[in-house]
Amino acid sequence: MNHLHKIERNNFMSSLNTLPKVVIPDAPTAVKNLLSIRKVAKTFGTNVVLRDISLEIAQGEFLTILGESGSGKTTLLRIIAGFETAASGELWMSGERLDQQPPYRRKVNTVFQSYALFPHLTVEENVAYGLRVSKRPDAEVKQRVADALDKVKMSAHAKKKPSKISGGQQQRVALARALVNRPQLLLLDEPLSALDANLRRQMQVELKSLQREVGIAFVFVTHDQEEAMVMSDRIALLRSGDLEQIASPRDIYNRPATAYVAQFIGHTNLLKGEVRQGVAHCGPLSWKTNLADGPTLFSLRPEHLHSSTGTPGAVRVRSKVLTQAFHGATDLIRVECADGLVLTLRAASGGIKEENLELEFLPADAIPVRESPERS
Amino acid sequence: MFSRAYRTIVTVPPLMWVAVFLLVPYALMFCYSFWSVSAAQAIVHSWNLSNYQELLEKPVYWQTLLRSMWIAARVMLFSLLLGYPLAYFLSFYAGKRKDLLYQMVIIPLWVSYLVRAYAWKTILGSDGVLNTLLQYVHLTSRPLNFLLYSPFAVVLTLTHIYTPFTILPIYASLEHIPRNLVEASHDLGASPAQTFWKVIFPLSIPGVVAGATFAFVLSLGDFLAPLLLGGPSGIMISNIVVSLFGAAYNWPLGAAISLGMLIIVISLLFISERLERKWSYS
């Protein structure tokens with residue numbers, strides 16, 4: 001796992017093509033729905049934060065809500081937890097209406113962005129909090145707290161106050177405090193954002209394997225698309241309160257539904273083209289397609305553009321190299337074709353010496369995407 | 001960082017203030033407390049412990065001191081009982097009206113202490129607002145005379161005057177509680193009542209201690225409320241000090257009582273400081 005993880009972090013985009021089956025599992029099939037979000041909307045004053053969001057969360061699933069700041073992702077999480085009320089729409093969990101219950105009756109636990117550990121209680125007392133307030137027998141509380149602390153490797157710090165442990169340790173305690181209650185659903189609000197990069201990558205792996213082990217559904221909020229790709233079974237991408245796409249990491253990368261999704265997840269070339277009588281035209285490029293006539297946007301990933309090797313059926317175009325940027329295992333190279341069309345392609349590091357290139361790509365790799373309407 | 005001249009200009013005035021108005025008077029008081037008064041009403045500068053001996057031997061002094069502490073303790077209790085819910089409401093539920101309500105807590109502090117004490121005299125007197133009302137609605141047939149000139153009147157007035165001093169530190173400590181702790185508590189299944197007792201109240205203890213200290217210490221040293229509203233049964237220790245420095249012309253004994261009170265107050269402040277530190281986490 002560690003070894004694979006290293007590959008992902010150095011260049012997870014290219015690893016998608018070489019190691020996809022190992023790195024990112026597909027959404028589990030034939031599982032029961034746990035949480036149903038139905039047409040949930042939220043406004044703050046005149047500001048629309050969420051617009052009729054509907055999505056289903058399966059049992060044991062790792063679902064990531066991904067979006068930029070202001071996309072409404074945290075608000076959606078807070079609506080599930082019960083800290084905010086939706087303006088309209090419903091939440092259903094295991095056949096019960098969830099949104100009419102106060103937060104303390106919901107069988108949902110949250111790991112807060114800043115952990116929100118109780119400063120006056122020890123690590124142990126923090127973890128025991130949920131069991132204590134629900135009046136579990138003392139022996140059971142002790143046993144479960146000890147197990148939970150053991151699971152997150154914090155047993156040695158049980159008697160310390162939160163202010164005496166590091167950020168990463170606080171993060172583990174917050175996780176143990178939530179998991180000890182055995183919720184059906186765990187909500188995580190950017191729990192890794194306060195950690196430094198190395199610890200963050202380590203925690204991504206630990207969190208994911210912990211989630212598999214406990215089998216609890218996780219709804220994980222992040223603005224980091226790489227984190228979302230590495231950890232999730234499915235990603236729900238929000239943009240200004242709209243659900244742009246919900247799909248497995250591979251599908252969302254390989255089959256982006258909108259121009260916004262294609263650009264937000266990884267790099268892409270957005271080609272403004274037009275389909276006329278079964279042929280797509282875009283500047284100097286044209287290829288056969290079975291799309292309907294009309295203006296169409298295509299997303300072409302940089303790694304699908306190569307210098308020409310004469311592949312049958314490929315679209316070819318002559319270009320001039322503008323800039324090369326070193327990205328570790330690969331370089332991103334900007335080239336200019338005829339009619340001022342600028343493309344980006346990915347090539348093995350230091351691989352391209354020529355000034356003029358003939359490029360090719362397969363028509364199947366030019367994915368038609370919907371235009372994302374501009375919203376403030 | 002700052003020039004020597006600048007630092008001197010900035011630090012000397014406050015130091016002078018403290019020296020002239022605090023250290024010198026206390027030093028004088030300290031000296032006086034070991035002197036005595038001759039039969040001819042002159043201060044005799046002979047050092048002895050007779051004033052302290054008198055304090056311990058004559059029950060009137062320590063009984064009045066105990067009564068003063070009992071009054072101060074009641075004022076403290078009632079100010080907390082009134083002030084805490086108000087501060088809690090202000091901090092957690094006042095919403096947009098928060099600033100306005102906060103100002104309304106502050107505004108009474110602008111009204112002269114004397115005016116507020118006299119107001120209670122008007123309300124509690126035998127021809128006062130309260131007695132007139134009680135007779136008007138036929139709850140009583142003649143004026144209740146325990147209302148004014150009693151420890152009750154003193155406690156009531158001091159509670160009214162010092163409650164803002166308890167509200168402010170409690171409010172400040174409640175404002176410092178991160179709201180996500182309250183959310184975390186609810187999230188973990190704690191009801192609003194459990195959340196209050198297990199999270200909010202423990203984290204507000206520094207404010208409660210500070211507020212309680214204000215109410216107790218300020219009430220303990222008060223002499224105007226007992227003078228105006230206390231009557232003979234509501235006399236407090238400061239009234240004795242005032243009369244010893246005035247009519248009785250026994251400055252040495254007055255100074256001895258003052259120093260005794262100073263020691264009590266300093267010990268209280270010390271304990272309260274320790275308690276506040278024990279319960280603060282920021």
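Predicted model: local features only at pLDDT ≥ 70, side-chain atom pairs only at ≥ 80, totals over all residues.
View 1. The strands here are β11 (residues 269–276) and β14 (residues 294–300) of chain A, running antiparallel and joined by seven bridges.

**View 2. The β11–β12 hairpin of chain A.** Follow β11(A) to its other antiparallel pairing, with strand β12 (residues 279–282) of chain A, and you'll find three bridges. Glu274(A) faces His281(A) in β12(A) across this pairing. The two strands make a hairpin with two residues between them. Take a look at Gln277(A) in that turn: its phi is positive, about 50°.

**View 3. The largest nonpolar core.** This core counts 100 residues, and Ala176(A) and Val219(A) have the most contacts inside it. Helix α6 (residues 167–179) of chain A is the top contributor, giving six residues.

**View 4. Close in on Ala176(A).** Leaving aside residues up to four places away in sequence, Ala176(A) touches Val127(A), Ala148(A), Leu149(A), Lys151(A), Val152(A) and Met154(A).

View 5. For orientation, chain A has 10 helices and 20 strands, and its C-alpha trace spans about 75 × 45 × 40 Å along the principal axes. Of its 376 residues, 42% are buried. Among chain A contacts with a separation of 6 or more, 65% link residues 24 or more positions apart.

How values were computed:
Residues numbered from 1 in each chain as written. Chains lettered and ligands numbered in written order. Helix = DSSP H or I, 4+ residues; strand = E, 2+ residues; numbered from the N terminus. Buried ≥ 20, exposed ≤ 12 C-beta atoms within 10 Å, placed from the backbone. Contact = placed C-beta atoms within 7 Å. Pairing = 2+ DSSP bridges. Core = buried A, V, L, I, M, F, W, Y, C linked by C-beta atoms within 7 Å.
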